[in-house]
Amino acid sequence: MKLTPLGDRVVLKQLVAEETTKSGIVLPGQNKEKPQQAEVVAVGPGGVVDGKEIKMEVKVGDSVIYSKYAGTEVKLDNEEYIIVKQDEILAIINN
């Protein structure tokens, strides 16, 4: 099954939070708050939303930071996704 967002919505897959100690031991991020970093997996077409022309500025594969309480969490085929409006995405992470 595939999610196809409508309008100015974007489907995100949250990045796994892991922390590495100074000695190199990886600690899983289970007891921490979820990070607001995610990868874009699908982008809506944009267009006219609420009377305003919306140009989609993110693309599939981008790593982004989104608002803390943004979006709707969806589980599909044992994968968790978050559907947000583009204006809830705060920044694109450039490597």
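**View 1. Lys13 and the ring of Tyr81 in the predicted model.** Lys13 lies over the face of Tyr81, at 5.7 Å from the ring centre; a charge is taken to sit over a ring if NZ of Lys or CZ of Arg is within 6 Å of the ring centre and within 35 degrees of the ring normal. This is a predicted model, in which local features need pLDDT of at least 70 and side-chain atom pairs count only at pLDDT 80 or more, while totals for chains, interfaces and linings use all residues. Residues are numbered from 1 along each chain as its sequence is written, and side-chain values use heavy atoms, with hydrogens and water left out.

View 2. Strand S1 (residues 9-14) pairs with strand S9 (residues 79-85) in the antiparallel sense over four bridges, and Leu12 stands opposite Ile82 in S9. Strands here are DSSP runs of E, at least two residues, numbered from the N terminus, and two of them pair if DSSP finds at least two bridges between them. Strand S8 (residues 72-76) also pairs with S9 in the antiparallel sense, over five bridges, with Thr72 opposite Ile83 in S9. S8 and S9 form a hairpin with two residues between them, and Asp77 in the turn has a positive phi of about 55 degrees.

View 3. Val10 is found in strand S1 and is buried (under 20% relative accessible area, 1.4 Å probe, protein chains only), with a value of 0%.

Notes: Buried < 20%, exposed > 50% of the residue type's maximum accessible area, 1.4 Å probe, protein only.
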